[in-house]
Structures are given as C-alpha cells and as structure tokens.
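Subject: Structure for you to look over

Dear colleague,

I am handing over the structure below, and after it you will find what came out of going through it. Please read the notes with the structure open beside them.

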Amino acid sequence: MAYCGAPAGEAGGLQRQDVMINDAVPYICFRNHKERIMGKKRLERIIPLVDPLLGLLADYLSRADLNRNEPIFPTYGGGRHSSADRSKKLSKHIVNMRSGFDNSQLSPYSLQHTFRDRAVMAGVPSSVTEYLMGHRTKQSSALRERYGTGLPPQELVKWMVDIQEVTEHGHFHGESLD
C-alpha cells in the first residue's frame, strides 16, 4: 500500500499469479478476480516491482508454497473480508518511522497518501501517479492504454525507483514553519 498507493482491498487480495518476480521487468498486477473486486471503478493495472519490495516479496514467495490462484496474504486478504476488516488487521503492522508523530493518525489508508506525497517529491507526473494508484482519470486511463505499447516499462521502473528513494515527504505535524 505504501509502495504504490493501493487500497487495503487490492493489496490484501493479491494472488500468487498477480506477482511476477522472475520476468524481465518484475511486476504486480492489480485486477479483478474471485478474491478481489476492484472498487470505485478503479483501474486494473500493472506496477513494476523494484527494491526494497521486490527483494522482500521474492524472499517471502520463495518460502511460500502457493498455487497460482491462492492469496499471497491469506490472513489479511482472503475470503470476503470488508475493507474495514482488512484495515483493522493491517493497522497492527504499521510502524511509524518518525519521532514525535501521533501514532493514532496512522492507518492503512494513510499509506495511500504517503505514496502520493512521495510521488510528488520524486517529480512523477500526476497522470503516472494516478495510474500507479489505480485512480481512474482521463489521463491515467490514457496512460493505461499506452502502457506496453507506447510507454516503455522502464519509464515506470525509473519512476518507481525515484519514489522509493524519497525519504522526506508530507505532513507538517510538529514542524516549525519558521
């Protein structure tokens, strides 16, 4: 969710077939299937994987014995859980890396906003950010139509690397504006 701004339902509903680690460009595919319905008319999309998530997922999946249709995270996403149920389960695993920050403000949903903040700081075009997050806009839909036919996957990889390198982003909490 912090990696690409995916909501809890999309991240929690990933199946083994949705994550391709050994392709030329490793990726996650967010799409409709029996474990996940893309809500709010969200875009089905392919997100390139880069480190650190690529390494973490590769390690996790190398130890998991999953069939292609099995959920990757069955504790958090399998079955007919509501988004609220998934968020409650996932909230226990969110760790605040900033000192002096109110932990009560952290939630899986806030991770989507963190991603957007990091994308802005990385200089990623808003149409690309909207595509990566799965927001359906005229620009993100046009990007989706071009992806794989006109926009080289390496461009998305470059932007994902840039986003992952951002460490300073968002929120004025406890900061002086002097």
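**What was found**

The secondary structure of the chain comes to eight helices and three strands, where helices (H or I, at least four residues) and strands (E, at least two) are DSSP runs, numbered from the N terminus. Read from the N terminus on, the elements run α-β-β-β-α-α-α-α-α-α-α.

Please keep in mind that this is a predicted model, in which local features need pLDDT of at least 70 and side-chain atom pairs count only at pLDDT 80 or more, whereas totals for chains, interfaces and linings use all residues. Residues are numbered from 1 along each chain as its sequence is written, and side-chain values use heavy atoms, with hydrogens and water left out.

Of the 178 residues in the chain, 40% are buried, which is to say under 20% relative accessible area, while exposed stands for over 50% and partly exposed for what lies in between (1.4 Å probe, protein chains only). Among the contacts in the chain with a separation of 6 or more, 60% are between residues 24 or more positions apart, a contact being heavy atoms within 4.5 Å.

The largest nonpolar core has 28 residues; a core of this kind is a set of buried Ala, Val, Leu, Ile, Met, Phe, Trp, Tyr and Cys residues joined through side-chain atoms within 4.5 Å. At least two of its residues are supplied by each of β2 (27-30), α2 (53-63), α5 (108-121), α6 and α8, and the residues with the most contacts inside the core are Val 19, Phe 30, Leu 49, Leu 132 and Met 160.

Two of the helices named there also meet each other. The axes of α6 (residues 126-133) and α8 (residues 153-165) come within 12 Å and cross at roughly 85 degrees, with axes taken as lines fitted to C-alpha atoms, for helices over the stretch in contact, and angles running from 0 to 180 degrees between N-to-C directions. That makes α6 roughly perpendicular to α8, since angles of 65 to 115 degrees count as roughly perpendicular, those under 35 as roughly parallel, those over 145 as roughly antiparallel and the rest as oblique. On the α6 side the contact is made by Val 128, Tyr 131 and Leu 132, and on the α8 side by Leu 156, Trp 159, Met 160 and Ile 163. By class, this contact has seven nonpolar, no polar and no charged residues, where Ala, Val, Leu, Ile, Met, Phe, Trp, Tyr, Cys and Pro count as nonpolar, Asp, Glu, Lys and Arg as charged, and the others, Gly among them, as polar.

Helix α6 is itself mostly covered, with six of its eight residues buried, namely Val 128, Thr 129, Glu 130, Tyr 131, Leu 132 and Met 133. Just after α6, Gly 134 takes a positive phi of about 85 degrees.

Met 160, leaving aside its neighbours within four places in sequence, is in contact with Tyr 3, Cys 4, Ile 47, Pro 48, Val 50, Phe 115 and Leu 132. Val 50, one of these partners, lies in the loop between β3 (45-48) and α2 and is buried, with a relative accessible area of 7%. Pro 52 is found in the loop between β3 and α2, and a cis peptide bond, with omega of about 15 degrees, joins Asp 51 to Pro 52.

Finally, Ala 122 lies in the loop between α5 and α6 and counts as partly exposed at 23% relative accessibility. Ala 122 and Glu 165 are 43 residues apart in sequence and 8.1 Å apart in space, C-alpha to C-alpha.

With best wishes
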